[in-house]
Amino acid sequence: MNAGHLAALAFLLPLLGTALVVLCGRRPNLREAMTILTGLATFVLVASLVPRLHAGESIRMDFFEVLPGLPLAFDVEPLGLLFALVASGLWILTSCYSIGYMRAHHEEHQTRFYAFFAIAISCAIGIAFSGNVFTLFLFYEALTLSTYPLVTHHGSEAAAKAGRAYLGILVTTSVAFLFTGIVWTWIIAGTVEFRPGGILQGKTNPLTAAVLLGLYVFGTGKAAVMPFHRWLPNAMVAPTPVSALLHAVAVVKAGVFTVLKVTVYVFGIDFLRETGASAWLAWVAAATMILAGLVALTRDGLKERLAYSTISQLAYIVLGAMVAHRLGIIGGALHIVAHAFGKITLFFCAGGILVATHKTKVSELDGLGRTMPVTMSAFFLASLSVIGLPPFGGSWSKLLLAMGAVQAGHAPLAWLLLAGSLLSAAYLLPISARAFLAPPKDDHRQEAPAMCLGPICFTTAGALALFFLSNPIHRLLEGIR
Amino acid sequence: MLRHNLPALIVVVPLLGGILTPILFRRGARPWAWATFVVASTFALSVALLLQVRGVLPAWSAYPSYPMGSWPIPWGIELRLDPLGAFVLVIISLVATVVTFAARRSLEREIPEDRRHFFYAVWILCITGFLGITITGDAFNVYVLLETASLASYILVGMGRDRDRRALKASVNYLLLGSIGACLILLGIGYIYMVTGTLNMADMAARLGEIRAKWEGGEMIYRRTVMVAVAFFAVGIGLKLALFPLHAWLPDAYTYAPSMASALLAGISTKVGAYVAMRFFFTVLGPEVSFRPIPTGTILQWCAAAGIVYGSLMALRQTEVKRILAYSSVAQVGYIALGIGIATPTGLQGSIVHLLNHAITKSGLFVALAAVALQAKGTTLVDLRGLGRRMPVTMAAFTAGGLGLIGIPMTAGFVSKWYLVKASIEQGLILPVVAVVVGSLLALAYVWRVVEAVYQPSADPGVREAPWSVVVSTWILIGASLFFGLHATLTSRLSLEAAHALLRGGP
């Protein structure tokens with residue numbers, strides 16, 4: 001079995017997991033065991049590709065041609081492998097967390113939940129490994145559809161409404177912009193393959209490139225660049241594990257991953273820097289970063305505040321891509337990982353608070369540090385990571401992003417990055433301050449279920465570890481050509 | 001012997017089969033079994049013909065021409081097959097076979113027994129007409145067979161009267177507008193006959209070529225006559241195609257026809273209308289005549305775009321799901337007309353591939369609705385509420401078909417849109433791109449209204465899954481639409497060949 005087959009298998013395993021979950025639907029313990037086993041197997045499989053990539057092996061898999069000249073193909077490169085590692089690795093933890101959360105919260109239709117969750121992960125891996133923009137687009141849309149039942153899980157009128165916004169915005173942007181952008185690219189370049197150095201060099205003028213890149217950036221609604229960000233706060237009606245893994249990691253990161261990948265392998269960093277085609281989008285991203293941070297300040301719903309924080313942090317990554325500098329790309333990729341660990345912890349904590357105390361608003365969290373010390377400590381540490389303070393993973397990525405902006409000659413953007421971080425401190429730290437400093441309303445200790453606490457501690461440790469052990473990731477990302 | 005006469009057999013077999021039905025098979029399930037057998041045999045014949053056209057099987061001796069009754073052409077009637085015709089034959093017979101197979105239980109419910117054998121006879125004759133239009137090489141023959149198919153269609157629609165009396169009005173409406181359309185087409189044929197003195201399509205094309213050569217030399221003979229003919233064709237075929245604003249007959253006809261008749265007609269009748277449009281505009285008149293002096297292409301594009309938007313908006317306002325699908329057909333016809341209006345190989349490729357993609361998707365959806373009509377009280381949004389639990393297999397197919405209407409990737413609808421958008425960007429046209437994008441988004445809206453209702457928690461507990469024959473048929477059609485969305489190399493190649501053959505002029 002060559003490496004390409006392994007990649008294909010990593011994509012198919014979660015689908016197999018879906019089948020197993022459905023088959024074991026009547027026996028919850030067995031069903032959840034299946035999810036976790038599938039998650040472990042997928043992660044191991046994805047991880048086994050890392051040494052092969054380091055060894056310089058080409059990891060390609062051509063399935064079949066969908067349209068003449070447009071194959072469904074995988075071509076694993078460092079960015080995609082990193083994204084797949086994050087998605088599949090955190091899936092295991094989220095599954096453990098889901099067991100605690102879904103049972104403690106007495107959610108219905110759990111089989112459907114786990115089944116669509118696995119499909120969504122499969123789509124995320126498909127996006128990560130895609131060898132051309134066309135394949136990426138197929139899985140991008142499949143990811144939107146497979147997460148829809150998760151967003152509307154509760155079946156209430158509010159959930160249906162949020163689902164409409166979710167589907168409406170994501171499909172609208174992808175059909176109106178991403179789809180036309182892809183067809184246009186195909187006509188200009190004669191191919192839509194991801195190639196080192198891009199495929200558009202010398203085939204188009206700066207203006208067309210700027211418009212085309214705009215189509216990609218706005219077409220990728222999952223990256224939540226303003227003004228197409230509204231679906232993300234809406235999607236918060238979903239059960240918390242969905243918000244945690246999908247709307248802090250897999251789905252939104254699939255969006256920014258798409259932007260990074262298109263920047264590097266369709267346009268090419270050099271081409272973009274020479275033509276300056278991406279500069280205007282860097283400013284759009286910066287504006288998103290600041291505005292979303294400001295909105296987050298005003299939000300009292302905990303998950304909603306976290307959602308706006310996510311929009312702001314995603315804009316960092318888009319900005320990293322748009323400054324068209326190698327450091328920005330590496331910083332952006334690193335931020336995918338660092339923010340994933342930080343934000344998933346925050347969401348896990350929010351879910352833990354909901355299960356233990358049924359509180360959803362920031363203003364209700366007074367003194368919660370006494371009653372839920374573990375959860376709230378984790379929340380505090382993860383906040384530091386998202387803000388970008390050492391000793392947490394978020395500090396490296398933000399440093400690299402700022403360096404990338406400066407080196408590319410966009411010093412003002414670096415200042416805005418700093419301002420964004422200050423904003424994130426302003427909207428995250430008051431939560432911890434309330435929890436630990438304000439007097440509690442009732443005093444009996446009531447932690448989240450153990451199945452929730454385990455993953456919380458694990459991801460917090462991960463955010464810490466990323467500071468000290470970021471070398472392997474750097475080595476992997478050095479492979480971006 | 002057999003391989004030399006396939007072009008004739010594809011018309012003769014169903015014609016005789018249809019006439020014999022009420023004479024030989026009157027009781028119980030026999031008319032249905034016979035109809036399925038006859039229609040399935042036309043499917044086998046059309047696949048064989050497609051293989052002959054593609055050179056996989058040895059063709060008949062005078063390929064692509066087949067002189068009917070061995071009368072020399074252009075005096076005798078000619079049957080003629082090119083890649084487009086063969087492709088459309090397969091579409092018609094595929095859809096017809098699956099729907100006929102599915103129809104039994106639904107028709108037992110909706111058509112009284114004493115009329116059922118007669119219904120099946122008309123059903124087969126309707127299919128015969130459509131198949132004949134596609135294979136004939138004679139312009140007057142097109143008219144005759146178009147009337148055959150149309151008269152049969154009016155009857156099929158009118159037979160819905162036992163379920164809903166409004167079917168009669170729908171049928172009369174359809175009859176009036178359909179007859180006007182047929183008249184205009186006949187006038188068009190007559191005008192061309194006036195200047196060419198022939199009814200054979202290839203011969204007409206050759207004579208018109210000579211006339212056009214004279215125009216280029218500055219001698220404008222017959223120019224006005226030909227232009228009037230183009231206008232007659234455009235409006236007449238537009239009526240048959242249900243192209244906006246000539247679509248008025250379609251929504252009522254599809255809504256009140258017997259459920260399975262809707263499935264049959266939605267799959268094939270507008271597709272054959274589009275085929276006739278392509279045949280006359282490109283093969284007979286030639287793009288130079290039909291698109292240059294009058295801006296037919298631009299007019300088609302605007303009508304198509306308006307139809308896409310109008311049809312989708314109207315679909316959004318309906319509560320009867322059959323009507324939602326009917327208005328959706330008005331929109332989807334727009335996509336086909338859009339590609340014809342762009343008139344480049346890629347544009348026509350998009351149109352031709354959409355003939356297949358929309359036929360299987362829409363028929364599949366209507367068959368699924370027929371299943372609902374069979375099991376639940378009705379087919380309004382309220383009746384469909386919660387059926388995702390009660391009829392999971394059928395409703396999964398319905399959802400997949402709905403995604404196909406939207407044109408979500410990995411469904412057949414996406415493939416058509418891909419080529420249409422590609423064609424317009426190649427030509428630097430904005431309008432078609434906007435129409436396709438807006439159409440997809442509105443389709444998302446009207447499909448999702450149904451999907452949301454279907455997957456609501458509350459449900460009528462008495463409803464059960466449909467009989468297996470209906471479920472299997474639904475999934476054959478919807479499965480095909482998923483297959484041709486994921487693996488579209490074959491359909492893309494066939495439709496591109498057909499487009500090139502069209503633009504080259506005569507087959």
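Predicted model: local features only at pLDDT ≥ 70, side-chain atom pairs only at ≥ 80, totals over all residues.
From H4(A) come Pro78(A), Leu79(A), Gly80(A), Phe83(A), Val86(A), Ala87(A), Leu90(A), Trp91(A), Thr94(A), Tyr97(A), Ser98(A) and Tyr101(A). Facing them in H10(A) are Thr240(A), Pro241(A), Leu245(A), Val249(A), Ala250(A), Lys253(A), Ala254(A), Phe257(A), Leu260(A), Lys261(A), Val264(A) and Tyr265(A). Sorted by class, the residues of this contact are 18 nonpolar, four polar and two charged.

The geometry of the pair can be stated briefly. H4(A) spans residues 78-104 and H10(A) spans residues 240-267; their axes lie 9 Å apart, at an angle of about 175°. Because angles over 145 degrees count as roughly antiparallel, H4(A) is described as roughly antiparallel to H10(A).

A second pair of helices in chain A is arranged in another way. Helix H8(A), residues 206-219, and helix H12(A), residues 279-298, have axes that come within 9 Å and cross at roughly 30°. An angle under 35 degrees counts as roughly parallel, so H8(A) runs roughly parallel to H12(A). On the H8(A) side the contact consists of Ala210(A), Leu213(A), Gly214(A), Val217(A) and Phe218(A). H12(A) contributes Trp280(A), Leu281(A) and Val284(A). Seven of the residues in this contact are nonpolar and one is polar, with no charged residues.

From the inside of chain A, the description moves to its contact with chain B. Chain A puts 31 residues into this contact and chain B puts in 28 residues. The size of an interface is often given as the accessible area lost when the parts come together. Between chain A and chain B the buried area is about 2,600 Å², and carbon and sulfur atoms give 83% of it.

How many salt bridges link chain A and chain B? The count is one salt bridge. Arg164(A) forms a salt bridge with Glu452(B), with 2.8 Å between the closest N and O atoms.

What remains is the predictor's confidence. For the complex, the predictor gives an ipTM of 0.87 and a pTM of 0.91. Chain A has an average pLDDT of 86, and 99% of its residues score at least 70. In chain B the average pLDDT is 89, again with 99% of the residues at 70 or above. Where in chain A is confidence lowest, and where is it highest? The lowest is in helix H15(A), residues 368-371, with a mean of 80. The highest is in helix H6(A), residues 133-151, at 91.

Note on methods:
Residues numbered from 1 in each chain as written. Chains lettered and ligands numbered in written order. Heavy atoms only, no water. pLDDT = per-residue confidence, 0-100. Axes fitted to C-alpha atoms, helices over the stretch in contact; angles between N-to-C directions. Helix = DSSP H or I, 4+ residues; strand = E, 2+ residues; numbered from the N terminus. Parallel < 35°, antiparallel > 145°, perpendicular 65-115°, else oblique. Contact = heavy atoms within 4.5 Å. Nonpolar A, V, L, I, M, F, W, Y, C, P; charged D, E, K, R; others polar. Buried area = accessible area lost by both parts, 1.4 Å probe. Salt bridge = Lys/Arg side-chain N within 4 Å of Asp/Glu carboxyl O.
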